Amino acid sequence: MAGLGASLRPQPPSSASAAASFAAKLLLLLTLLPLSLALFAFVLQWRGGGVDDPISRWSPEESRKFPGMDSSPLATVGHLSHSSDCSLLGRRNSATFPYYRDWKFNFESDLKPKICITTSTSGSLDQILPWMYYHKVIGVSTFLLFVEGKAASPTVSKVLESIPGVKVVYRTKELEEQQAKSRIWNETWLSSFFYKPCNYELFVKQSLNMEMAIVMAREAGVEWIIHLDTDELLHPAGAREYSLRQLLHDVPSNVDMVVFPNYESSVERDDIKDPFTEVSMFKKNYDHLTKDAYFGMYKEATRGNPNYFLTYGNGKSAARIQEHLRPNGAHRWHNYMKTPNEIKLEEAAVLHYTYSKFSDLTSRRDRCGCKPTKEDVKRCFMLEFDRSAFIIASTATEEEMLNWYREHVVWTDKTLNLKLLRKGILTRIYAPMVIIQGLKESGVFGTIIASAQKSLSKDKFLASIEKGNSSRAVASQSLPSRKIGRSQDSQVTARKTLQMAPFESHEPAVPPLSPPGMDIETVIEA
C-alpha cells in the first residue's frame, strides 16, 4: 500500500519540461511584439500622425536642398513628384531641378558674398550654358562674358542676354578703341606679350577684358572676381558644403587673393563628346601632392609628354574687389599699390578639361595661322604640348592625328591608371558630372533657349539679327589686339581703378606655366 500511495502523489515538473514551457512563451512574445508594433504604426499613419519624422521638421523645400545649401536662396526647390524615382537628382520631364524652384536664380540681393566670373569666349551654347549653370549652382551670381565668333552670333548672344545676372560684351570696333587707351599699353608687366600672334594675342586680349571686368564687377556690387575659360570648372572641395559661396565666405578678411590649383582632365576614350558629363578622372596638381609621390611617379604620369600636365599647371585665382586691383595675366590678379596677400587652397581646385575631345586638335589649329614648324610655333604658343599638337594637326592625316591623340592624351592603360589612382596622382571627381547631368535631364537649357526666342517678336528678332550682323561685320574688320597698342595716343583711362600715380615698374604678368619637371627635383634636393 505504501508503494501504491507513493506512486499516486503528484510529481514535481522536470527541468526539461520547464525549459520547453519558457521557450514557448518567449517565442509567443517575440511573435506578438513586432506584430503589435506594426499594427500600432499602421493605426498612427492611418490617423494622420503621432510620430515625429525628423525630415518633416523641415519644409519640403529645405528637405531637398543641394547638400549644404541651407540659408542660401539656391536651396529653394519645388515639390518632387511622388511618382518620380528615388534617385538624388530625380528624373522628370518638366523643366525643374530638384534643388531649386523655376531656375530663375533671382538671388542677387541675398547671396553673400557676391561672386563674379568673367571669361572671353567664342564658344557655342552647348559649351557655355552647362558651364554657366554649373557655376550658378555652386553660388556664382554674376557673369561678364566678352564674346566674339560663334558666341557673338544672334542665336547665341540673345539667349545669353536673357539670363539674369549675365552681361554680354561684344568685341566691336568701339570696344577695341576703348581698350587701346588702357594704361596697360604704357606699362611693362604685360609688354613681353605685345605684338605676337595666337596664344600671346589671346593672353593680351584676356588681360584687357579682365581690366574692364573689374570696373563692371565693382559697379554690380560684386565682392570676388574670377577669370575662367569655358573649359574650366571650379571644384570647391574642402568647404563645409559644395559651394563656392561658402568657400570664399570662410576666407579671412585680410586675404586679397585665393589661388585654385588646377587639375587636368585625363580622358579614357578618344570619342568624348561632352567632357563635363563623360570625364571623371583628373590628374592632381603638384601643390596637392607630396614631393615623394609627385617625383616618384613623374615619368609614369608624364607618359613621354613634354611636361607633367599637357598645358598649364599654375592654376587660376579669385581676387577680392578693392581699390587699385588689376589683372596680372589670365591666371592671376595684382594691385597697383601693394603686394596682394595671397593664399593657396589645399583641397579646392580648377578642373581643366584640356584636349578632352579629339576635335580640340583641329579647332586650336584653325584659330592660329602660324607655320607648322618648330621655330614658328614658338612665336605662337607658350607651352610645348600646344606646339606639338599644332604641328601634328597641321601636317598629319586624320588617322595619324588619331593615333597621336591616343598615345599622348588618352589614358587607355587601365593597369597604369589604377596604379596612379592608388598613388594619389590621379583622382576621381564626380560632383560636376552629376550636377551638369542633372541640369540636362531637367530640360532647363531647352527652356532657356525657347524662352529667349519667345521674348522677341518676329520683327524685333529679325531686326536684331540685321543689326548684330552689321555691328559684327565692323568688328571683324577692326585690328587685332596685337596692333591696338601701336596708337601714339594711348593714355590712361578715366576709370576709377586706374586713377593713381604710376609706378616705375610692376611685377610681370603670370603666363600659363608648366608644373615642376624632374630637373626641379635636383634643384630642390641641392
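Phe260 stands opposite Lys316 in strand S9. This pairing belongs to a predicted model, in which local features need pLDDT of at least 70, side-chain atom pairs count only at pLDDT 80 or more, and totals for chains, interfaces and linings use all residues. Residues are numbered from 1 along each chain as its sequence is written, and side-chain values use heavy atoms, with hydrogens and water left out.

Strand S6 (residues 257-260) and S9 are joined by four bridges and run antiparallel. Two strands count as paired if DSSP finds at least two bridges between them. Helices (H or I, at least four residues) and strands (E, at least two) are DSSP runs, numbered from the N terminus. S6 also pairs with strand S12 (residues 342-344). There the strands run parallel, with three bridges. Val259 stands opposite Lys344 in S12. Both faces of S6 are covered. Met257 and Val259 are buried on one side, Val258 and Phe260 on the other. Buried means under 20% relative accessible area, exposed over 50%, and partly exposed in between (1.4 Å probe, protein chains only). In a regular strand the side chains alternate between the two faces of the sheet.

S9 is mostly covered, with four of its five residues buried. S9 pairs with strand S4 (residues 224-227) as well. That pairing is antiparallel and has three bridges. Within it, Ile225 has Ala319 in S9 as its bridge partner. Between strand S9 (316-320) and strand S10 (325-327) runs a loop that holds Glu323. Glu323 is partly exposed, with a relative accessible area of 33%. Its C-alpha atom is 8.0 Å from that of Asn335, 12 residues away along the chain.

The protein chain as a whole has 20 helices and 14 strands. Of its 526 residues, 49% count as buried. Its accessible surface comes to about 26,500 Å², and carbon and sulfur atoms contribute 55% of this. Accessible areas come from the Shrake-Rupley method with a 1.4 Å probe; for residues, only the protein chains shown count as cover. Among contacts between residues at least 6 apart in sequence, 76% join residues at least 24 apart. Contact means heavy atoms within 4.5 Å.

Strand S2 and strand S3 (residues 166-170) run parallel and are joined by five bridges. Phe146 has Val169 in S3 as its bridge partner. With helix H4 (residues 154-161), S2 and S3 make a right-handed β-α-β unit. A crossover is right-handed if, with the strands pointing away from the viewer, the path from the first strand over the helix to the second runs clockwise.

Aromatic pairs number 20 in the structure. The rings of Trp131 and Phe143 have centres 5.9 Å apart and planes at 65 degrees, so this pair is edge-to-face. Rings of Phe, Tyr and Trp (its six-membered ring) pair if their centres lie within 6.5 Å; planes under 30 degrees apart count as stacked, over 60 as edge-to-face and the rest as tilted. Trp131 lies in helix H3 (residues 125-137) and Phe143 in strand S2 (residues 142-147), so the pair ties together parts 12 residues apart in sequence. Trp131 and Phe143 are both buried. The rings of Tyr133 and Phe445 have centres 6.1 Å apart and planes at 70 degrees, so this pair is also edge-to-face. Tyr133 lies in H3 and Phe445 in helix H17 (residues 444-454), so the pair ties together parts 312 residues apart in sequence. Tyr133 and Phe445 are both buried.

Ring pairs also link Tyr286, Tyr294, Phe295, Tyr298, Tyr308 and Phe309 into a cluster. Lys283 lies over the face of Tyr308, 4.8 Å from the ring centre. A charge sits over a ring if NZ of Lys or CZ of Arg is within 6 Å of the ring centre and within 35 degrees of the ring normal. Lys283 and Tyr308 are also in contact with Thr302, as is Asn307, leaving aside neighbours of Thr302 within four places in sequence. Thr302 lies in helix H10 (residues 298-302). Thr302 is buried, with a relative accessible area of 6%. Elsewhere, the charged end of Arg326 sits over the ring of Tyr336, 5.4 Å from its centre.

In helix H11 (residues 359-366), Asp360, Leu361 and Thr362 are buried. Their cover includes helix H13 (384-395) and helix H14 (398-408).
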